[in-house]
Amino acid sequence: DTIRPTASIVKYHTLYLDNNGQASITPQDVDNGSSDNCSINTLALSKSSFSCNDRGAHVIDFTATDASGNVRTVTANITVLDTIYPRPQAKRAIVLYLNANGQASLTAAQADSFSSDNCGLSRISISKTSFGCADLGINTLTLTAEDSSGNQASTNFQVTVLDTISPAANVHPTLTLYLNNNGQASLTANDADNGSTDNCSVASLSLSKTSFDCSNTGNNTVLFTVTDQSGNFSSTNITVQVLDTIRPTASIVKYHTLYLDNNGQASITPQDVDNGSSDNCSISTLALSKSSFGPAERGVHLIDFTATDASGNTRTVPVTITVLDTIRPKVFTNNQTLYLDQNGQASTTVSAVNNGSSDNVGIVNLALSKSTFDCSDLGTVTISLVVTDSSGNTGSEYATITVRDTLKPVIASNPVDYVLGYCDAKVDYTLPQITDNCGSVQVQQTSGLPSGSQFPNGTTQNTFLISDASGNSIQVSFEVTILAPYLPTSFSNLEMCANAAPVDLSQGIGNLQFSGAGVLNDGITFDPSVAGPGFHKIELTFTDTMGCATGDLFSVTVLPTPAKPVIDRVSSNTLKVRDFYTTYQWYKDSQPISGANSQSLLVTTVGVYSVTVSNGSGCSLSSDPYGLGVSVGISGEVESSVKLYPNPNSGKFVLELPESGEEQEIRVYNSLGEVVYEISSKDRLVAVDLSELTAGTYYVRVMNGNRVTTIPVTLNK
């Protein structure tokens, strides 16, 4: 197909820009029935979009193309127009403030609030730009917007013109007003104004206070206010001095009589004299040149009466005052109680009886009808006090004087306390010796026993009541203590073995003596070996500090000790106690043999053996050591004149040696024959301390010249 299409178009076309300043056209808008022998494939324009910059006439190409690619191009005339009005936008509320000259101005730019157009504005204008005081308030203006195509649009807006400049207040700074006879004064704003001004015009003048009275005397701060037609105002303070220069009117009672009172004083007040004084305002003070009078001012006085108003205006007139004293003295007395002294005398004075007597002008004399008293005045006496004042006025009053004797009798001597033993209980004593200021006294024994009585054991309180004629009494006493028979401690019955050590029956207490079997010559030591087995009565006597003796009895039972056991060797390996006993305890080398508690002992090793036996009374005794295969290291015979007690012991025991007057040597051996203790002594009783040695059997040897005594001792720990 080589035949080109036939292009049929509308050759003239007008486009209108839209609100965004844009316009467009399509081939179909221009096509006016183009055709082809076959068919048209596409229709196209050389330009289809237009903007504000394209306003005016344009020639564009219109091309028709068929399916075989054959084309036909023709031209079309396009006119682009802008017919959309601008969008004027004014500010909603515009406020203009008049300046000091009463002027204000406004520009279109100040009024515009983003007015717009689809193709842009070329000019903005407002209907009025200058304002003055005549424009105060709300003004309606027109804002007109025009675009470059000549399209115009307008909108109204309001402009509020305000005057916010306060007027200038000019005043007279100080004004003086004088109160009239009615105490009144007034002031106007025009009186205070001194040419106040405003940028527009002054509407009014005012004062915070225009009327003044007596309460406003002095400087008053008044607020002066200037207000313009816009309600702007300016204020300033002015000082209004209100003066009262009118003196008071003084009206008085010209003659006045005063009487001194009970305190000797008289006073008068201005009110007493005033008879209706007045002032245009008010009287501030009424004063007298003298208002108080005393005793020295009795008579006629001429004084001034002065009325002063609040402003210090004064008026003074004379007043005649007569001062009189017509009051008698006032007499007050004390009802006194007088107490007789040691001599039976008492006295009083005017000052003691006077109880504040007084007079308004002064007392010149006081006198008592009686002032001295003695024992004959005991009871009540009525006296009088007479008082005279300096005006010759007198007064008197009675006083009751009670005379009393309250001095107790005086002790001249009193028996001392007695402390006697029961053996001297009859006591003779002298009665208390007493003196009194008003005569004799009565002595009465209220407790105890009379002198020469036999007093009981314990303490007897002897009390005496001594009273004089006025009933004054004292009580004196002393004690008689009779010591009862007394023992410093109790003594219980004792029980001990015959071989026990001697004991001190006094328990360390002095003034005790004992007697009976077994009591040694010192009268306090009991030796069971001396008393022998059996029941023994012991009598004791205690002599107290008063020399009185107290006796008592107790008993000591001495239990028999078993016979000293003897060890026999009955076979090569057997030791046996020769006699029969209640208990047995065998020892080897001073150590107890466990379970060896029978009469016989089977021995298998060498050593030193011994045995301790006891009888039915519980008393025990040890045998001599028996050496089996070893030497005991001692020799000589045992002398019964040496005693050792207690045995057995814990390491401490006493040796009782025969009296020889010579030094005796004492040695202690262990079971190996070694000397473990050695001492020499001439004493009859020797205390030995082996508490540092171990338990076992030791041997005590006592040597006195050629006499040697060996005693075994058992130490139990």
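**Exercise 1. Take the charge pair of Lys 290 and Glu 297: what joins the two side chains, and how exposed is each residue?**

Step 1. Keep in mind that you are looking at a predicted model. In it, the side chains of Lys 290 and Glu 297 come together at 2.5 Å, N to O, and this is a salt bridge.

Step 2. Now the accessibility. Lys 290 has 27% relative accessibility, so this lysine counts as partly exposed. Glu 297 has 23%, so this glutamate is partly exposed too.

**Exercise 2. Find the salt bridge partner of Glu 146, and say where the two residues lie.**

Step 1. The partner is Arg 123, with 3.3 Å from N to O.

Step 2. Glu 146 belongs to strand β11 (residues 137-147) and Arg 123 to strand β9, so the bridge ties together parts that are 23 residues apart in sequence.

Step 3. Check the surroundings. At 19% relative accessibility, under the 20% cut-off, Glu 146 counts as buried. Arg 123 is partly exposed at 44%.

**Exercise 3. Which residues make up the network around Arg 667?**

Step 1. Start with the pair: Arg 667 and Glu 665 form a salt bridge at 2.3 Å, N to O.

Step 2. Then follow the shared partners: salt bridges join Glu 665, Arg 667 and Glu 678 into one network.

**Exercise 4. Work out how the disulfide of Cys 52 and Cys 119 sits in the chain, and give its handedness.**

Step 1. The sulfur atoms of Cys 52 and Cys 119 are 1.6 Å apart, S to S.

Step 2. The torsion about their S-S bond is about -80°, so the disulfide is left-handed.

Step 3. Cys 52 is in the loop between β4 (49-51) and β5 (56-66), and Cys 119 is in the loop between α2 (108-111) and β9 (121-126). The two cysteines are 67 residues apart, and the pair links distant parts of the chain.

Step 4. Cys 52 is buried at 15% relative accessibility, and Cys 119 is buried at 17%.

**Exercise 5. Cys 423 and Cys 548 form another disulfide: is each cysteine buried or partly exposed?**

Step 1. The S to S distance for Cys 423 and Cys 548 is 1.9 Å. With -75° about the S-S bond, the link is left-handed.

Step 2. Cys 423 sits in the loop between β32 (418-421) and β33 (426-427), while Cys 548 sits in the loop between β43 (534-543) and β44 (549-559), so the pair ties together parts 125 residues apart in sequence.

Step 3. Cys 423 is partly exposed at 48% relative accessibility, whereas Cys 548 is buried at 1%.

Step 4. Zoom out: there are six disulfides. With bonded cysteines counted along the chain, the pattern reads 1-2, 3-4, 5-6, 7-9, 8-11, 10-12.

**Exercise 6. Which residues touch the most other members of the largest nonpolar core?**

Step 1. This core has 19 residues, and the ones that touch the most other members are Leu 187, Leu 207, Phe 212, Phe 224, Ile 238 and Val 240.

Step 2. The elements that give two or more residues to the core are β13 (174-178), α3 (189-192), β17 (218-228) and β18 (233-243).

Step 3. Look at Leu 187. Leaving aside neighbours within four places in sequence, Leu 187 is in contact with residues including Leu 175, Leu 177, Thr 210 and Phe 212.

Methods: Residues numbered from 1 in each chain as written. Predicted model: local features only at pLDDT ≥ 70, side-chain atom pairs only at ≥ 80, totals over all residues. Heavy atoms only, no water. Disulfide = S-S within 2.5 Å. Helix = DSSP H or I, 4+ residues; strand = E, 2+ residues; numbered from the N terminus. Buried < 20%, exposed > 50% of the residue type's maximum accessible area, 1.4 Å probe, protein only. Core = buried A, V, L, I, M, F, W, Y, C linked by side-chain atoms within 4.5 Å. Contact = heavy atoms within 4.5 Å. Salt bridge = Lys/Arg side-chain N within 4 Å of Asp/Glu carboxyl O.
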